[in-house]
Structures are given as structure tokens and as C-alpha cells.
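Please read the points below with the model open beside you. They are written for someone new to protein structures, and each can be checked by eye.

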Amino acid sequence: QVRIRATGPGALDTVRIALRPDYLFVLEFTRFAGKVLSKAPDEAGMQLILRSLCVLPDELTWFRQTLEARGFDVKAAEPQPALQEYISTLQMWGDKLTWGEAVLAYYAIEHVYNSAWTRCAEAPEPYKTWAQRWGSAEFAQFCTDLGVAAEQALRAESGDDHLTQPQRERAIAMFGEILRLEDGFWSMAFQNSD
């Protein structure tokens, strides 16, 4: 669960510390997105992933500029263990997953992020602005479209119109792994601000 602390003497440090790993994550997620794009079996799959790839340059710029405005040199950022584990997992998944599995992972990552920020819509600034950015209806629709594509792709990969039991188990395990990685990621950011 993401804890938001926007007041008190450590608030600015919390913002910087929380954004640092996010910036590094977006760098690696962009690489993962490129690998997922390369797995797309058709134009519809490519168009779906390109929707995300088209906004990732803006995300990278936003994170960099936001951090630099708060006095942080992004070139000095180094991934901590929880983030490094997440990065390693993304690299492995980008190389090894099928199209259906990769889109499922993509969906799970984006859905968790969107869901968390949607619940922060009434938080104080700067979180409220961020919640509007990542909790938007457009981002929610993109997440829904990813979920639909993942289900369709997994069904196609099963050779049947139904997910196989092993596919279901793998999907549940993958979603659980993403939740574990997200929990470690956010816990790391806020533990470092204590």
C-alpha cells in the first residue's frame, strides 16, 4: 500500500526520494515496452503498445525536469536493491515472455500504477497533480485496452477460446509478483525518507 506523506519537515525529501526511483523505473520500463512491441503479432498489437511508447518520452522529460527543479541531479541516480530487482525482472520478462504474457505483465504494471494514483485524487499537492496525471480516464482506458488485449492473446496462445489452467496459474503468479515488486519499490522510496 502506498503511503503518502505530503506535509511535515521531510515532505520535500519524500517527494525527491519517491521520484528518483520512478525516473529510473520509467527508463527501464521504456526498454521493456520496446521489447513488448517487438513481440506484437499484428498491427493492432503494435498500435496498442505504440500508444504507450508515444507518451513515454514526455514521462521521462517530466520526471527529469521535476527532479532537477527540486535540486536533484538525475545522472547521480542509482537503483537501490528493490528497484534493481524490478529492473532485472522486466529485463527477463522482455526477453522470455510470449506476446500474451508480456501484454499481461504490461497491463498489470500499468493497472497497479493507475489504480494507486486514482485513489489519490483528493491528496494534497504535489500528489494531487500527479494523481490527475496518472489517474486520468485516458490512462485508465489504456489499461483496460491492455487487459483486453492480454486476455485475447493468451486465449489465442492456448489454441482454444479458453485460458488453460496453467495459463491462469501463471497469470495469477505474474500479477502477484508485480504486486510484490511494486510494494518493495514504494516501501523503498518511503523508508528512505524516514
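Two residues are said to be in contact, or to touch, when they have heavy atoms within 4.5 Å. This is a predicted model, in which local features need pLDDT of at least 70 and side-chain atom pairs count only at pLDDT 80 or more, while totals for chains, interfaces and linings use all residues. Residues are numbered from 1 along each chain as its sequence is written, and side-chain values use heavy atoms, with hydrogens and water left out.

1. Overall make-up. The protein chain has seven helices and zero strands, where helices (H or I, at least four residues) and strands (E, at least two) are DSSP runs numbered from the N terminus. Along the sequence this gives the pattern α-α-α-α-α-α-α. Of the 194 residues in the chain, 46% are buried; buried means under 20% relative accessible area, exposed means over 50%, and partly exposed lies in between, with a 1.4 Å probe and protein chains only. If we take the contacts between residues at least 6 apart in sequence, 81% of them join residues at least 24 apart.

2. Glu 59 lies in helix H2 (residues 43-69), and it counts as buried because its relative accessible area is 13%. Asp 58, Glu 59 and Arg 133 are linked in a network of salt bridges, a salt bridge being a side-chain nitrogen of Lys or Arg within 4 Å of a carboxyl oxygen of Asp or Glu. Side chains of opposite charge can pair when their charged atoms come close.

3. The structure holds nine salt bridges, and one of them joins the side chains of Lys 35 and Asp 95, with 2.9 Å from N to O. This pair links distant parts of the chain, since Lys 35 belongs to helix H1 (residues 11-39) and Asp 95 to helix H3 (residues 81-96), 60 residues apart. Lys 35 counts as partly exposed because its relative accessibility is 27%, whereas Asp 95, at 53%, counts as exposed.

4. Salt bridges inside a helix. Glu 151 and Arg 155 form a salt bridge whose closest N and O atoms are 2.5 Å apart. These two residues are four apart in helix H6 (residues 137-158), so about one helical turn separates them. Glu 151 is partly exposed at 38% relative accessibility, and Arg 155 is partly exposed at 25%. In helix H7 (residues 165-191), Arg 180 and Glu 177 lie three residues apart, about one turn of the helix, and their salt bridge has its closest N and O atoms 2.8 Å apart. Arg 180 has 39% relative accessibility and counts as partly exposed, and Glu 177, at 23%, is likewise partly exposed.

5. How H4 meets H5. Helix H4 (residues 99-118) and helix H5 (residues 127-134) pack at an angle of about 135 degrees, with their axes 8 Å apart. Axes here are lines fitted to C-alpha atoms, for helices over the stretch in contact, and angles run from 0 to 180 degrees between N-to-C directions. The angle makes H4 oblique to H5; angles under 35 degrees count as roughly parallel, over 145 as roughly antiparallel, 65 to 115 as roughly perpendicular, and the rest as oblique. The contact is made by Tyr 113, Asn 114 and Trp 117 of H4 together with Tyr 127, Trp 130, Ala 131 and Trp 134 of H5. By class, these residues are six nonpolar, one polar and no charged, where Ala, Val, Leu, Ile, Met, Phe, Trp, Tyr, Cys and Pro count as nonpolar, Asp, Glu, Lys and Arg as charged, and the others, Gly among them, as polar.

6. How H2 meets H4. The axes of H2 and H4 come within 13 Å and cross at roughly 40 degrees, which makes H2 oblique to H4. On the H2 side the residues are Gly 45, Ile 49, Ser 52 and Phe 63, and they meet Trp 99, Tyr 106, Glu 110 and Tyr 113 in H4. This contact has five nonpolar, two polar and one charged residues.

7. Leu 53. Leaving out residues up to four places away in sequence, Leu 53 touches Thr 30, Ala 33, Gly 34 and Leu 37. Leu 53 and Gly 34 are 19 residues apart in sequence, and their C-alpha atoms are 7.7 Å apart in space.
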